[in-house]
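Keep the 3D view at hand while you read.

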Amino acid sequence: MAVFASGGGSNLQALIDQFNHAQRGVRVTLVLSDREDAGALRRARAAQIDASVITVAGRPPDYVARETLAALESGDVDLIALAGYLRLVPPAVVGRYRGRIVNIHPALLPAFGGKGMYGMRVHEAVLASGSTVSGATVHHVDEQYDDGRIIAQWPVPVLTDDTPAGLAARVLEVEHILYPAAIEILARALVNEETAVARDRVAAACFLKVPQPAPTEAELREALGLND
Ligand code: GRF
């Protein structure tokens with residue numbers, strides 16, 4: 001699996017911790033970033049994972065697409081996970097990896113998503129709306145921001161005296177558990193070609209069995225049948 005990240009990379013770290021020290025059928029083998037100073041690059045190098053910068057700003061989209069596809073091909077990548085990647089993935093890359101490229105978003109899509117909805121802005125908008133619930137969403141990636149089919153969601157209650165930073169921290173805690181689990185289900189489904197079944201298992205577990213305020217890793221794995 002390749003991970004695309006622009007920022008600190010705590011979700012990347014969760015994926016490395018979950019997959020690169022265990023035999024779970026999927027491993028992070030390549031990290032790509034659009035920013036030289038991304039903390040995610042340091043985390044990748046510390047874990048001895050190939051890491052490269054593909055600059056997007058001010059470059060023709062065709063170049064970016066070609067470089068990205070070349071990196072993915074030479075790394076023999078089957079699956080792509082976006083983890084705090086702030087750029088639109090070039091359509092040629094989405095086309096090549098359709099159904100095998102996913103993202104995590106720190107709110108319950110389709111609310112509070114789309115262009116410009118990233119980082120603290122998401123949590124500020126949730127609080128400003130008066131919503132009593134936010135959460136994390138794992139979804140397929142298509143040619144638009146935060147638009148592809150939803151794979152998994154986990155709600156996080158909004159507290160009466162919540163702050164954007166407090167809500168962000170509680171959502172992030174859930175992201176670190178939900179993202180690896182959803183990816184493991186997807187990876188198994190891609191191998192077994194049971195995508196619909198896997199999607200239903202994720203949906204059932206995430207919507208019907210909701211340990212609040214946040215699931216433990218053990219609870220989520222149990223609910224998804226990943227311990228079988
Ligand atoms: C996460 O909140 C994720 O949902 C969003 O960007 C943030 C990335 O955080 N897409 P990190 O770099 O993984 O810590």
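The largest cavity holds about 60 Å³ of space. The model is predicted, so local features need pLDDT of at least 70 and side-chain atom pairs count only at pLDDT 80 or more, while totals for chains, interfaces and linings use all residues. Residues are numbered from 1 along each chain as its sequence is written, and side-chain values use heavy atoms, with hydrogens and water left out.

A cavity here is a set of points, on a 1 Å grid over the protein atoms alone, where a 1.4 Å probe fits but cannot get out; a pocket is an open set with protein on both sides within 12 Å along at least five of seven lines, and lining residues have an atom within 4 Å of a point. Grid points are joined across faces, edges and corners, and a volume is the space filled by probe spheres set on the points.

**The cavities**

How many cavities of 30 Å³ or more does a search of the whole structure find? There are 2. Phe4, Leu32, Ser33, Asp34, Ile54, Val56, Val64, Thr68 and Tyr85 line the largest cavity. Strand 2 (30-33) and helix 3 (61-74) each give at least two residues to that lining; helices (H or I, at least four residues) and strands (E, at least two) are DSSP runs numbered from the N terminus.

The second largest cavity has about 30 Å³ of space. Its lining consists of Gln18, Ile177, Pro180, Ala181, Glu184, Glu217, Leu220 and Arg221.

The largest pocket contains about 780 Å³ of space. It is lined by 36 residues, of which Gly84, Tyr85, Leu86, Tyr118 and Gly119 are the closest to its centre. Helix 1, strand 5, helix 5 (120-129) and helix 6 are the elements that give two or more residues to this lining.

The second largest pocket has a volume of about 280 Å³. Among its 13 lining residues, Val56, Arg87, Leu88, Val89 and Tyr145 are the closest to the centre.

The table sorts the linings by residue class. Ala, Val, Leu, Ile, Met, Phe, Trp, Tyr, Cys and Pro count as nonpolar, Asp, Glu, Lys and Arg as charged, and the others, Gly among them, as polar.

| Lining | Residues by class |
|---|---|
| Largest pocket | 15 nonpolar residues, 15 polar residues, 6 charged residues |
| Second largest pocket | 9 nonpolar residues, no polar residues, 4 charged residues |
| Largest cavity | 6 nonpolar residues, 2 polar residues, 1 charged residue |
| Second largest cavity | 4 nonpolar residues, 1 polar residue, 3 charged residues |

**The ligand**

Where does the ligand sit? The space it takes is the largest pocket, by the criterion that more than half of a molecule's atoms lie within 2 Å of the grid points. Gly8, Gly9, Ser10, Asn11, Gly84, Ile104, His105, Pro106, Leu172 and Glu175 surround the ligand, where a residue is near a molecule if one of its heavy atoms lies within 4 Å of it. By class, this shell has 3 nonpolar, 6 polar and 1 charged residues. Helix 1 (10-19), strand 5 (101-105) and helix 6 (164-192) each contribute at least two shell residues.

Polar contacts (pairs of N or O atoms within 3.5 Å; within protein, one must be able to donate a hydrogen and the other to accept it, and residues adjacent in sequence count only if both atoms are side-chain atoms) come next. A polar backbone atom of Gly9 lies 2.8 Å from an oxygen atom of the ligand. For Ser10, an N or O atom in the side chain is 2.5 Å from a ligand oxygen atom. For Glu175, a polar side-chain atom is 2.6 Å from an oxygen atom of the ligand. On its own the ligand has 370 Å² of accessible area, of which the protein covers 78%; such areas come from the Shrake-Rupley method with a 1.4 Å probe, and for residues only the protein chains shown count as cover.
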